[in-house]
Amino acid sequence: MTGNRILVVDDEPGLAHALSITLRATGWDVTTAADGASAISSAAAHTPDVVLLDLGLPDMSGLDVITAIRGWSRVPIVVLSARQHGEDKVDALDAGADDYVTKPFAMNELLARLRAAVRRASVPADSDDAVVTAGALTVDLARRRVLRDGVEVRLSPTEWSMLEVLVRNRGRLVGRVQLLQEVWGPGYSDETHYLRVYSAQLRRKLEEDPAHPRHLITQPGMGYVFEV
């Protein structure tokens, strides 16, 4: 992989320098930022292909950086943090992060996760032939319709919006807050019962066995994944 742009956000100069050297050596175009304000400005100015973000920044929480970037961009965000508690991971994923790597880390694993994040984001979901097949399901993102065993399934606008977000992010966890904000809007971040109701409705319409879903998977306390 060469030519992909990465924004590295970390206030530890030594680590940021070491990461930059390794990333450049493996073909990445690297921009760095040492605080949240610089990270937000750089993300807007340089349009990176992926952001590697430390949560512990001197001027603001890394969660605030994620929220700010998510206000205008779907760029993959991989969190790199010494915080290993489950609630920290949940908070980061709910805010809109795509992956979470804890320090200390193996460089090969980090590079693999960065490559995977860029690959997922490069799926041409907006093209006319953006058709996703998952078992008996065929989801046509461009034409906004879904077939089950070749028969079109009628979905409400809200059901389609929820399915669309999950399918566009297929194979990766979509946090509860991100899903609520994308489907219902920023004022609905705490309405997690909406997700339970609409995920149940989607399973009844799309899954062969709604009680044991293959595609619309709940990660308890974290969010949802669409598996192909």
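Y194 is partly exposed, with a relative accessible area of 24%. Here buried means under 20% relative accessible area, exposed over 50%, and partly exposed in between (1.4 Å probe, protein chains only). W184 is buried, at 19%.

The model is predicted, so local features need pLDDT of at least 70 and side-chain atom pairs count only at pLDDT 80 or more, while totals for chains, interfaces and linings use all residues. Residues are numbered from 1 along each chain as its sequence is written, and side-chain values use heavy atoms, with hydrogens and water left out.

Aromatic pairs were examined next. Rings of Phe, Tyr and Trp (its six-membered ring) pair if their centres lie within 6.5 Å; planes under 30 degrees apart count as stacked, over 60 as edge-to-face, and the rest as tilted. Helices (H or I, at least four residues) and strands (E, at least two) are DSSP runs, numbered from the N terminus. Ring pairs join W184, Y194 and Y198 into a cluster.

UniProt lists D54 under "modified residue: 4-aspartylphosphate" in an unreviewed entry. UniProt positions follow the numbering used here, feature names are shortened, and annotations may be inferred rather than shown by experiment. D54 lies in the loop between β3 (50-53) and α3 (62-70). D54 is buried, with a relative accessible area of 5%. Leaving aside residues up to four places away in sequence, D54 touches V9, D10, D11, G62, L80, S81 and K103; contact means heavy atoms within 4.5 Å.
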